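Please keep the structure in view while working through the numbered points.

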Amino acid sequence: MSSGYAGQAPDLDTVHRVTGAVRQNIERVIAGKPDVVNAALVVLLAEGHLLIEDVPGVGKTQLSKALARSIDSTVRRIQFTPDLLPSDVTGVSIFNQDTREFEFRPGGIFANIVVGDEINRASPKTQSALLEAMEERQVTVDNATYTLEKPFMVIATQNPIEMEGTYALPEAQRDRFMARVSVGYPVESAEIAMLEGHTSHNPLDDLEPVTDAGEIRKVIEIVGRVHVSSAVHRYAVALTTATRQSNDLHLGASPRATLHLVRAAKAVAATQGRDYVLPDDIHGITSPVLAHRLLPNVEATMSGRTTSAILSGIVESVPVPDASRA
């Protein structure tokens, strides 16, 4: 099928080389979870942010750090706690006695990759400090605006089981994460391999960068040139519209979710060696991109229906356009 793309063809060989090297590097630390690793790479290339939600001890932070260490770029880690202040995230202006002027001291958000551990342990006020940075790639402090350097990606982790001392992310905050993934428990062979390779030393200590921020910016630009047909655009809109019209949902997907869905699909297509998006690319990422944005209504909750199950039914009810015409 022809992509129908008018203009310079994307350099997919570069995408394949860079993503392959980063994927292989991460899998030295996180074994047996190719889908999770691929999702993290897709979010990075689509200029999104990733929420990793799972029970303790399955490798959420390990995955975050492995991705960050695979790229030679600036990396900051923020441990979210109840006493963390918004200024710890964004930065603060401090008066310099020598120059008699205020100087801006950047906070933890000023990095290419920001790893936020246990984001739901911080207060809602501190969580909201991330909103402008995640959406607009900038921070405003004391009426001065500071631009964040590209690439910029927030990788946040949270534990959905432990509720004491935590603050659930509000809908506006969740909506800014392009995708949510769960690492899950490893299969038996992967867990045995972990015992054999991780007990004597931490494999993160041996991880070296396989690319840098400049090359990632180039790959992001290549992904941006991937073609999306009008039929695929209509399919993405049909999916999100169906969530808004569902009788089982109190809150459907936002227009931002539609945009994230298409951006992620472009990254999926590029990593698979195509310069055009197929409907299957959209179909395959609806759960990680949309599920965390949806809220089931009281009736659905009382009947025990999960958000994932509701979304799965919605996706199956929306006709998939013919790939040959997409």
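1. Is valine 141 buried or exposed? At 11% relative accessibility, valine 141 counts as buried, where buried means under 20% relative accessible area, exposed over 50%, and partly exposed in between, with a 1.4 Å probe and protein chains only. Valine 141 is found in strand β7; strands (E, at least two residues) and helices (H or I, at least four) are DSSP runs, numbered from the N terminus. Leaving aside neighbours within four places in sequence, valine 141 is in contact with Thr90, Gly91, Ser93, Phe104 and Tyr146, contact meaning heavy atoms within 4.5 Å. Valine 141 and glutamate 53 are 88 residues apart in sequence and 30 Å apart in space, C-alpha to C-alpha.

2. On the basis of the model: this is a predicted model, in which local features need pLDDT of at least 70 and side-chain atom pairs count only at pLDDT 80 or more, while totals for chains, interfaces and linings use all residues. Residues are numbered from 1 along each chain as its sequence is written, and side-chain values use heavy atoms, with hydrogens and water left out.

3. The loop between β7 (138–141) and β8 holds aspartate 142, and asparagine 143 is found in the loop between β7 and β8 as well. Aspartate 142 has a positive phi of about 50° although it is not a glycine, and the phi of asparagine 143, likewise positive, is near 65°. Most residues other than glycine have a negative phi, and most peptide bonds are trans. Aspartate 142 is exposed, with a relative accessible area of 59%; asparagine 143 also counts as exposed, at 79% relative accessibility.

4. Where does proline 151 lie? Proline 151 is placed in the loop between β8 (144–147) and β9 (153–158). The peptide bond that leads from lysine 150 to proline 151 is cis, and its omega is near -10°.

5. Leucine 44 lies in helix α2 and is buried, with a relative accessible area of 4%. Not counting residues up to four places away in sequence, leucine 44 touches Leu67, Ile71, Met153, Ile216 and Ile220. The C-alpha atoms of leucine 44 and valine 154 are separated by 9.3 Å, although the two residues are 110 residues apart along the chain.

6. Proline 34 also lies in helix α2 (residues 34–45), but proline 34 counts as partly exposed, at 42% relative accessibility. Proline 34 and alanine 309 are 275 residues apart in sequence and 23 Å apart in space, C-alpha to C-alpha. Another proline, proline 124, has its place in helix α5 (residues 124–128) and counts as partly exposed at 45% relative accessibility. Proline 124 and glutamine 173 are 49 residues apart in sequence, with 9.7 Å between their C-alpha atoms.

7. UniProt, in an unreviewed entry, places the feature "domain: ChlI/MoxR AAA lid" at residues 242–311. UniProt positions are given in the numbering used here, feature names are shortened, and annotations may be inferred rather than shown by experiment. Over residues 242–311 the chain is 60% helix and 7% strand, and the end C-alpha atoms are 9 Å apart.

8. With which side chain does arginine 293 form a polar contact of 2.8 Å? The partner is histidine 260; a polar contact is a pair of N or O atoms within 3.5 Å, and within protein one must be able to donate a hydrogen and the other to accept it, while residues adjacent in sequence count only if both atoms are side-chain atoms. Arginine 293 has its place in the loop between α13 (286–290) and β13 (295–296), and at 4% relative accessibility arginine 293 counts as buried. Beyond its neighbours within four places in sequence, arginine 293 is in contact with Asp175, Phe177, Met178, Leu251, Gly252, Arg256, Ala257 and His260.
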